[in-house]
Amino acid sequence: MEVVIITGMSGAGKTSVLNICQDNDYYGIDNIPPKLISEYFQLIDSENMEYNKFVFVIDIRSGHFLNDFENEIIKLRKQGHDVKIIYLDADDDELIRRYQEKRRPHPYKNLSLGNAIKKEREEMLKIRELSDYYLNTTGFNSSSLKNKLLEILEVKEKATIHIISFGFKYGILKEADLLFDVRFITNPFYIQTLKEKSGKEEEVRNFVLGFEASKEFINKIEDLVDFLVPNFLKQSKSNLVIGIGCTGGKHRSVVISEKLNDILREKYDVNVYHREQNKW
């Protein structure tokens, strides 16, 4: 199994790193005593669970259980697990600023913040020496932290595209990153034989896609998505919501959404949803 251990200084970004790992299919547990990791894997095996990527946060909150850290890491590696230890740190001034900003207490609550940081550095020194990767997050924003972590984990981030058809008469799609209006296409609603059918039926699909403007529009959307996705990924945005709207969300928007899904799923992780389907 792939095991990532996130450790380091309080306030250095461990929670953010845990979230990034979980977003990339790692099963995560925060603040676990080192000895419990092996027992946890025994539980996983006994339940025949199919997880193979794990991330655990182990830090000063474990108290005296932290003394087991080195032996447990040795044990995990002897068992054949691929273990990566990532130590997160930040400059003292930055740690103080973050604590003041978030107004949360340091684990050493009985000490002044400066003394607490000093004591934690001393307590964590041995674990820092055992780590495989050291990251000083001073000056990192969420995007640079994510990019650096995915580089360490050798994870190539994939884009997920959500295509949602909707009807403007029922309100705009507020969650859309990109929103397109396809009311420029002739409306099947006014064709007697198509009025009661939906955009998921072949007759309506053939009608809507029979216009050159429809085909050109789809090609332009595909080109735009191909341009945007890699640039969004550079900014750590991996989820893209595309809204396709027509008047009632039954005909044109449905056809275009389904066609885009057919085209884009060959390159991306895509799903399609029709917001007004319960009104058809």
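Colleague: Which polar atom lies 2.9 Å from the backbone oxygen of M9?
Modeller: A polar atom of the K14 side chain lies at that distance from the M9 backbone oxygen. A polar contact is a pair of N or O atoms within 3.5 Å; within protein, one must be able to donate a hydrogen and the other to accept it, and residues adjacent in sequence count only if both atoms are side-chain atoms. This is a predicted model, in which local features need pLDDT of at least 70 and side-chain atom pairs count only at pLDDT 80 or more, while totals for chains, interfaces and linings use all residues. Residues are numbered from 1 along each chain as its sequence is written, and side-chain values use heavy atoms, with hydrogens and water left out.

Colleague: Where is M9 placed?
Modeller: M9 sits in the loop between strand 1 (2-8) and helix 1 (14-23), and K14 is found in helix 1. Helices (H or I, at least four residues) and strands (E, at least two) are DSSP runs, numbered from the N terminus.

Colleague: Is M9 buried or exposed?
Modeller: M9 is buried, with a relative accessible area of 0%. Buried means under 20% relative accessible area, exposed over 50%, and partly exposed in between (1.4 Å probe, protein chains only). K14 is buried as well, at 8%.

Colleague: And what is K14 in contact with?
Modeller: Leaving aside neighbours within four places in sequence, K14 is in contact with I6, T7, G8, M9, V57, D59 and L88. Contact means heavy atoms within 4.5 Å.

Colleague: What does UniProt place at G8, M9 and K14?
Modeller: The unreviewed UniProt entry places the feature "binding site" at G8, M9, S10, G11, A12, G13, K14 and T15. UniProt positions are given in the numbering used here, feature names are shortened, and annotations may be inferred rather than shown by experiment.

Colleague: Changing topic, how many helices and strands does the protein chain have?
Modeller: The chain has nine helices and nine strands. Its C-alpha trace spans about 80 × 45 × 30 Å along the principal axes, and 46% of its 280 residues count as buried.

Colleague: Where is N110 found?
Modeller: N110 is in the loop between helix 4 (92-102) and helix 5 (113-130), and N110 is exposed, with a relative accessible area of 70%. The C-alpha atoms of N110 and V272 are separated by 53 Å, the two residues being 162 residues apart along the chain.
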